[in-house]
Amino acid sequence: MTPPQVLVLGFALAILAGTLLLSLPLSVRSGEPDLLTAAFTATSAVCVTGLVVVDTADHWTPFGQFVILLLIHTGGLGLMTMGTLFALLLGRRIGLRRRQQIKESVNQNELTGIIWLVQRILLFTATAEAIGAAILTLHLAPEYGWMQGLWLGVFHAVSAFNNAGFDLFGGFRSLTGFADDPVVSLTVAGLLILGGIGFSVAVDVYRKRSFRKLSLHSKIVITVTILLLTLATVAVLLLEHDHALRDLTPCHKLLAAFFQASTPRTAGFNTVPLDDFFVPTQFLMMILMFIGASPGSTGGGIKTTTFITVGLALLSLARGREDAEVFGRRIPRSQVYKALAILVLGLTVVLATTLFLTITENGKDFFTIFFETVSAFGTVGLSLGLTPDLSPAGRLAVMFTMFIGRVGPLTLAFSLAQREHKAKIRLPEQKILIG
């Protein structure tokens, strides 16, 4: 099996295992377990999306919540990374084939130092989640008690770092009770940004500690991330300061605007009810959800590098230049083609799923369906309230979209990267009319 096939099969098996565990009677608080609900929740957890058809706190027992947490960790870190962790703990030798699979899983170009990179990924993940869990536990324990506060701290730290968006506060409220709480808002936002920036970027920053010395990939990811966060924060603040944010103080308005600018980057949390926002703000969130996080991270979407590569290619075309250039470097045309392929695939999946849902969810608002589809593809988890009301066919469609969003563009990129054969014979060139 090729590495992309291993990845797809691994995610499918993880979803199947999660479905079976969540279908057990000890996973639900009351009533008979529902197989489709268990499958939808398992898919959402493994694909680190956060869309739920039942409330996580009210429907699932502590055992069921623990299963969801394991599925989030497995899907966020990747199956190859988790497998490498167990192999290292057992002292087993990691062969060439496994190293090749790990390389594809963490989206690297070379095998050199791949095990060292995985070790740093695991250390970075454990450190970030431990610090986040400690901060949230200390903050929540006085209100919820130490045992419940610890569980809430650990669960939400893992969910935030892996950009999953699952919460345990009940009532489909997400974090709406913490819009004016800087500790919870900044801790969760910090974790989801760290998880979404990409493991290779985090390691590169740790090793070089100078922006000038960073790789071109790291420079692009950091620059685009800061740019998107800044522009989105300003946009939300300007659009909603007298609307959805009107009851907050100026400082808390800025805090809520920053959080809502961060969470569409595949996190799925919200501190302000999404229904309270204007349609332009919701549409802005859809754009951010579609772009998503960065390659080799816990997030989804088409990825920041895909977005900027296509943008740079269009800019170079407008300037009459042949190459996409940034930071004094030229991006290979093969990568521009890959970025365009991922963009087209993403748009195709979103449009096809939206069309299908307009048929199965007849009578539902089109914009709500479109928002749901983009959220599923970007593995975000934000919803305008459609998820619990989805029909069985609609649930299956959203499950498939979440799965494609998690492995589809990634697998396409891997497949294209594997087959860069130069043709022995080049056919005659002839121009066509474009535009």
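Some ground rules come first. The model is predicted, so local features need pLDDT of at least 70 and side-chain atom pairs count only at pLDDT 80 or more, while totals for chains, interfaces and linings use all residues. Residues are numbered from 1 along each chain as its sequence is written, and side-chain values use heavy atoms, with hydrogens and water left out.

Of the 435 residues, 54% count as buried (under 20% relative accessible area, with exposed being over 50% and partly exposed in between, for a 1.4 Å probe and protein chains only). Among contacts (heavy atoms within 4.5 Å) with a separation of 6 or more, 69% link residues 24 or more positions apart.

Two helix pairs can be set side by side. Helix H11 (residues 216-240) packs on helix H13 (residues 279-291) at an angle of about 165°, with the axes 10 Å apart. Axes here are lines fitted to C-alpha atoms, for helices over the stretch in contact, and angles run from 0 to 180 degrees between N-to-C directions. That angle makes H11 roughly antiparallel to H13 (over 145 degrees; under 35 is roughly parallel, 65 to 115 roughly perpendicular, and the rest oblique). The crossing of H11 and H13 is left-handed, that is, the near helix is turned anticlockwise from the far one by less than a right angle, with clockwise giving right-handed. From H11 come Leu228, Ala232, Ala235, Val236, Leu239 and Glu240, which meet Pro280, Thr281, Leu284, Leu288 and Ile291 of H13. By class, this contact has nine nonpolar residues, one polar and one charged (Ala, Val, Leu, Ile, Met, Phe, Trp, Tyr, Cys and Pro are nonpolar, Asp, Glu, Lys and Arg charged, and the others, Gly among them, polar).

The second pair is helix H15 (residues 333-360) with H16, at about 140° and with axes 9 Å apart, which makes H15 oblique to H16. The crossing of H15 and H16 is right-handed. On the H15 side the contact uses Gly346, Val349, Val350, Thr353, Thr354, Leu357 and Thr358, and on the H16 side Phe366, Ile369, Phe370, Thr373, Val374 and Phe377. Eight of these residues are nonpolar and five polar, with no charged ones.

Ser27 sits between helix H1 (3-22) and helix H2 (35-46) and is buried, at a relative accessible area of 0%. Gly64, 37 residues away in sequence, has its C-alpha 4.2 Å from that of Ser27. Beyond neighbours within four places in sequence, the contacts of Ser27 include His59, Trp60, Thr61 and Phe63.

Positive phi values turn up too. Asn163, in the loop between helix H8 (146-161) and helix H9 (182-196), has a phi of about 55° without being a glycine, and is buried at 0%. Thr379, in the loop between H16 (366-377) and helix H17 (392-418), is likewise not a glycine and has a phi of about 50°; Thr379 is buried at 0%. Just after H10, Arg209 takes a positive phi of about 55°.

Key: Helix = DSSP H or I, 4+ residues; strand = E, 2+ residues; numbered from the N terminus.
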